[in-house]
Amino acid sequence: MHAAGSEDETRSHFEAQDLMEHGGPVGGGWLGRFLRFRTGAPGAGLGAVALGKALPESLRGAPGEGQAYLGELARLWSEETGSARSTLDALGRIEELRRQNYRPANGAEYPPGGFGRGLFQIAGLIKARVGLEAATIDLGGWDSHLAQSTLIDSLMDELAAGLAAFHRDLGTATATTSVVVMTEFGRRVQENASLGTDHGRGSVMLVAGGGVAGGRVVADWPGLAFDVLAGPGDLPVFHNYRDVLAAVLSRHGAGADLGRVFPSFELHPLDL
Amino acid sequence: MEFDPSLHDDGAKEVLGERIPAGLGEGDLDRVLAIVAGHPATARHLGSKLCRRFIGVAEGDDGPEPAAVERVAEAFRSSGGEIRATLSALFETEAFRGAAGRKLKRPFRFLVSALRATGARTDGGGRIHDYLLSMGHAPFQYPTPDGYPDDETPWHGTLLWRWRFAVELAENRLPGTRIDLPGLLADFPGRLHRHLLGRRPTAAEAAGDHGPGKTLALALASPGFQRY
């Protein structure tokens, strides 16, 4: 989806990213709100996973002692609601996964580095059916004001290789797994004096999996002539990111009240 | 801060609706600070932040108790921004007294309180930093300038690392950090929980005989030690 983005005009990383991760000027993230509001029983334990650093390793005491420690913890935390129970649950499921020693399927080869590793771990969690409902993973380094090609060429390779491996590894699970790639804003069309580009408006979003009618480019492409650009020379935003996300989310939660996930916004979900 | 007159725009300016005349030079900064400090939104914002830190936000609420915030904001306003008067008003609120032992320690506070309470000698380096990164509370890593969230809910997912840190600290399995467990027990004979929690332990907290290492680990990992 070209010319997709947010209505935020500040071109400030902080505000734009905050706005998009919160899905509008309401506290708390859109993804969190979606998981909370949608109908159907909430998944136990590993409902949501965020991978910036490593997936949590399981708790290990000295051999044989780990279980006793966990047993005592369960007792101490038995009066507390919520997080202790789901932590212990998640722990149990992660132990299962470690025993299974997951390997990528279908010859999938993830690119080296944290991004590839993270996708590999998410794929493993999805296929192990531990109740994972949503995962987020960051790939940073795109803010290429300077010498853009040296910064983002390899990132694009990494993104492409990672997504391809993920798709391959998932196999049939692709049908029920939506992947959305998004960023807080695009870059200015015109190159700056440092062989880079500055902050822009419209960018691109990628949507894959989950039954999307794929293999196409959605664009009301205005061209790049100066008179069609927004403000000081940016690609305008024709598709608000919420309309893209709403289309994806409605596939994942029958009865989801999308108006509450994206408040203060008149949704026109795209047909994906 | 260094003031460079050659780079300074010495013309008249308007900030938040108030006019700063031309020609004040470095004095412009004092004026801007006075305007911002005197703005009604500032008193409310600071009041709210201070109440979040010292009183906390009850689960399910959007912010700290409004009456307390208003008391603190009023103290800030009427004292002309005096921090002592402002904090004094906060500490006198019912809400503050009622908050003792109820606020959830964010990961940084949890780690530091564990290290201090056990008299640990630490290089504060690698392994500690890894824990903070895993728990999402490493210093200066928050991506946006509003800083790490100061209500409870975002931190509920950090339990696993807290439990793990507790056992690694108690059993001296953290490279770069060392505790003297026998010394600690000798300093607080039969009073380990009271020392750690600042109060008598409940029956559940004191129950069981796990040996000194595990007793310390469980105390640090217990619900009581997660709050202050």
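1. In chain B of this predicted model, among the contacts between residues at least 6 apart in sequence, 57% join residues that are at least 24 apart. The chain has 12 helices and four strands, and of its 228 residues, 38% count as buried. Its accessible surface comes to about 12500 Å², and 54% of that surface belongs to carbon and sulfur atoms.

2. R109(B) has its place in helix α6 of chain B, and with a relative accessible area of 36% the residue is partly exposed. Patches are made of residues with over 30% relative accessible area and no salt bridge, and R109(B), at 36%, therefore passes the accessibility part of that rule.

3. Where in chain A does G209(A) have its place? The residue belongs to strand β6 (residues 206-209) of chain A, and at 18% relative accessibility G209(A) counts as buried, because the limit for that class is under 20% relative accessible area. When residues up to four places away in sequence are not counted, G209(A) touches T174(A), T177(A) and S178(A). The C-alpha atoms of G209(A) and T176(A) are separated by 7.1 Å, although the two residues are 33 residues apart along the chain.

4. Turning to charge pairs, the count over all chains comes to 16 salt bridges. In chain A, R187(A) forms one of them with D143(A), and the closest N and O atoms of the pair are 2.8 Å apart. R187(A) lies in the loop between β4 (178-181) and β5 (203-204) of chain A, while D143(A) lies in the loop between β3 (134-137) and α6 (148-170) of chain A, so the pair ties together parts that are 44 residues apart in sequence. For D143(A), a relative accessibility of 33% means that the residue counts as partly exposed.

5. Chain B has a salt bridge between K13(B) and D28(B), in which the closest N and O atoms are 2.7 Å apart. Because K13(B) lies in strand β1 (residues 13-15) of chain B and D28(B) in helix α1 (residues 27-38) of chain B, this pair ties together parts that are 15 residues apart in sequence. Are the two partners buried or partly exposed? K13(B), at 23% relative accessibility, counts as partly exposed, whereas D28(B), with a relative accessible area of 5%, is buried.

6. A further salt bridge of chain B joins E94(B) to R97(B), with the closest N and O atoms 3.3 Å apart. Both residues lie in helix α5 (residues 94-98) of chain B, where they are three residues apart, or about one turn of the helix. E94(B) counts as exposed, with a relative accessibility of 62%. Elsewhere in chain B, E70(B), E74(B) and R77(B) are linked in a network of salt bridges.

7. The backbone also has points to check, and which residue of chain A has a positive phi although it is not a glycine? This is N106(A), with a phi of about 55°, and N106(A) is found in the loop between α4 (83-100) and α5 (114-127) of chain A. In chain B, N172(B) likewise has a positive phi of about 55° although it is not a glycine. N172(B) is found in the loop between α8 (159-170) and β4 (177-178) of chain B, and at 24% relative accessibility the residue counts as partly exposed.

Definitions and conventions:
Residues numbered from 1 in each chain as written. Chains lettered and ligands numbered in written order. Predicted model: local features only at pLDDT ≥ 70, side-chain atom pairs only at ≥ 80, totals over all residues. Heavy atoms only, no water. Helix = DSSP H or I, 4+ residues; strand = E, 2+ residues; numbered from the N terminus. Buried < 20%, exposed > 50% of the residue type's maximum accessible area, 1.4 Å probe, protein only. Contact = heavy atoms within 4.5 Å. Areas by Shrake-Rupley, 256 points an atom, 1.4 Å probe, with all protein chains shown as cover. Salt bridge = Lys/Arg side-chain N within 4 Å of Asp/Glu carboxyl O.
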